[in-house]
Amino acid sequence: MASALEDPVLERYFKGHKAAITSVDFSPNGKQLATASWDTFLMLWNCKPQARAFRFVGHKDVVTSVQFSPHGNLLASASRDRTVRLWIPDKRGKSSEFKAHTAPVRSVDFSADGQFLATASEDKSIKVWNMYRQRFLYSLYRHTHWVRCAKFSPDGRLIVSCSEDKTIKIWDTTNKQCVNNFSNSIGFANFVDFNPNGTCITSAGSDHTVKIWDIRVNKLLQHYQVHSGGVNSVSFHPSGHYLITASSDGTLKILDLLEGRLIYTLQGHTGPVFTVSFSKGGELFSSGGADAQVLLWKTNFDDLNCKDMIKRNLKRLHFDASPHLVDIYPRTPHPHEGKIESIETTDTTTVRTLADKSEEISGYFLNPSLLSSECSPTSLKKKTEDMSDLPSESQRSIPLALTDALEHIMEQLNVLTQTVSILEQRLTLTEDKLKDCLENQQRLFNVIQHKS
């Protein structure tokens with residue numbers, strides 16, 4: 001995109017895991033990075049150079065997913081040992097264990113308010129848990145094969161899930177019903193997520209594709225075929241303008257969603273890349289894969305542009321008006337009733353420890369010799385100051401509904417432009433193939449004529 005300042009740069013890489021990396025997630029303040037691995041451990045890295053890393057021991061099989069709670073006071077993990085664990089992300093690494101799934105658990109995801117946790121499993125179910133009471137709430141059953149991923153919408157009203165039954169389903173968390181269904185004819189989605197303002201979903205396909213749907217109109221907006229292997233993970237930049245993808249072809253790719261094109265291909269891993277994630281502010285992203293390395297990258301996208309977009313997304317998610325139940329599309333928030341509460345990590349009664357040990361190890365950071373820049377995550381304090389100057393609804397000169405409608409029209413025009421471009425490319429390919437067929441036919445005709 002024209003407003004981008006510089007290309008992404010590899011800041012450093014972390015070594016400490018003994019097997020493939022399955023999941024990475026930044027803490028809300030961007031100062032820590034949690035990683036999960038086939039070696040059955042979680043690791044907590046500090047983004048400061050030469051700082052110590054912590055290894056969390058407790059799972060008995062591959063750890064498939066890890067995520068910080070929105071407040072950063074908890075860390076959730078899923079494992080092939082059929083359990084979900086909640087950890088306190090400090091050097092002691094105490095954890096509580098949740099058992100309800102009857103098969104390996106593939107993903108964990110906190111709701112934006114931190115009150116709920118969604119887990120997806122190979123037992124074909126999605127389960128939702130109450131984090132304040134640390135108890136199981138309900139299951140969602142409609143998938144007919146292993147569920148690989150489940151994610152909350154930004155407003156918590158919906159859950160999107162993907163399964164090896166080749167479907168992507170959208171669920172209403174209020175009535176616990178499946179309200180939408182997208183099917184794939186080839187392959188299945190390995191990973192799904194909502195965009196930052198909750199109007200679209202994206203899928204990472206085993207058929208090498210990345211797809212984006214607008215769930216307000218149930219239309220496929222964009223379809224990318226930029227990888228030569230299965231796509232394992234995707235992450236939206238907080239602005240919503242960019243999407244980064246991780247693939248078994250060994251590459252990361254960054255897509256400009258407004259222009260509908262691939263802008264960067266990053267090669268840093270040896271072997272398949274299984275996971276990628278932007279930091280909450282978008283200034284960093286991290287990736288992990290089969291080479292057991294965790295790479296930390298500096299985004300270098302336009303900061304001003306990013307901040308403007310984050311403000312706009314925040315406006316969309318902080319209205320007071322409640323939505324109609326008939327309207328399943330996340331145009332306005334539907335906050336959970338009651339006061340937002342979080343688990344008090346110092347209260348030993350809420351954390352059932354299972355004599356898990358936390359091994360403190362010296363996490364050494366290997367800086368690539370050609371790079372001298374240091375990691376400097378944007379602080380949350382600065383973001384809070386930026387958010388405080390958002391204009392109120394009464395101060396806006398243009399009604400927000402009209403602004404959103406105009407934005408949507410512009411987005412649709414961009415999509416139409418991209419579609420026309422794709423059709424032109426396909427027409428050119430078809431013409432080339434037709435030309436080849438005619439040439440082959442002429443050659444065959446000449447050979448037959450020569451023989452006769």
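Analyst: Let's start with a ring cluster: F98, W129 and F136 are joined into one by ring pairs. Rings here means those of Phe, Tyr and Trp (for Trp, the six-membered ring), and two of them pair if their centres lie within 6.5 Å; planes under 30 degrees apart are called stacked, over 60 edge-to-face, and the rest tilted. Keep in mind that this is a predicted model, where local features need pLDDT of at least 70 and side-chain atom pairs count only at pLDDT 80 or more, while totals for chains, interfaces and linings use all residues. Residue numbers run from 1 along each chain as its sequence is written, and side-chain values use heavy atoms, with hydrogens and water left out.

Searching the whole structure turns up eight aromatic pairs. F14 and W45 make a stacked one, at 5.1 Å from centre to centre and with 25 degrees between the planes. F14 belongs to strand β1 (residues 9-15) and W45 to strand β4 (residues 42-46), so this pair ties together parts that sit 31 residues apart in sequence. Strands are DSSP runs of E with at least two residues, helices are runs of H or I with at least four, and both are numbered from the N terminus. How covered are the two rings? F14 has a relative accessible area of 0% and is buried, and W45 is buried too, at 1% relative accessibility. (Buried is under 20% relative accessible area, exposed is over 50% and partly exposed is in between, with a 1.4 Å probe and protein chains only.)

Now for F182 and W213: their ring centres are 5.1 Å apart and their planes meet at 35 degrees, so this pair is tilted. Distant parts of the chain are linked here, with F182 in strand β17 (residues 177-183) and W213 in strand β20 (residues 210-214), 31 residues apart. F182 is buried at a relative accessible area of 8%, and W213 is buried at 7%.

K176 lies over the face of Y138, 4.7 Å from the ring centre; for a charge to sit over a ring, NZ of Lys or CZ of Arg has to be within 6 Å of the ring centre and within 35 degrees of the ring normal. Y264 is found in strand β25 (residues 261-266) and counts as buried at 17% relative accessibility. Between Y264 and D7 there are 257 residues in sequence but 8.2 Å in space, C-alpha to C-alpha.

On to the charged groups. There are eleven salt bridges in the whole structure, each one a side-chain nitrogen of Lys or Arg within 4 Å of a carboxyl oxygen of Asp or Glu. One of them joins the side chains of E97 and R85, at 3.2 Å from N to O. That pair links distant parts of the chain, as E97 is in strand β9 (residues 95-99) and R85 in strand β8 (residues 83-87), twelve residues apart. E97 and R85 are both buried.

R106 and E122 form another bridge, where the closest N and O atoms are 2.8 Å apart. This pair links distant parts of the chain as well: R106 is in strand β10 (residues 105-110), while E122 is in the loop between β11 (116-121) and β12 (125-130), 16 residues apart. R261 and E259 bridge at 2.5 Å, N to O. Here R261 is partly exposed, at 37% relative accessibility, and E259 is partly exposed at 35%.

R142 is in the loop between β13 (135-141) and β14 (147-152) and is partly exposed, with 48% relative accessible area. Leaving aside residues up to four places away in sequence, R142 touches K169, W171 and C178, where contact means heavy atoms within 4.5 Å.

Last, the surface. L402, L406, I409, M410, L413 and L416 make up a nonpolar patch there, with about 570 Å² of accessible area together. One of these, L413, is in helix α3 (residues 400-451) and is partly exposed at a relative accessible area of 43%. Patch members have over 30% relative accessible area and no salt bridge, with nonpolar side chains (Val, Leu, Ile, Met, Phe, Trp, Tyr) joined within 5 Å and like charges within 9 Å. Accessible areas come from the Shrake-Rupley method with a 1.4 Å probe, and for residues only the protein chains shown count as cover.
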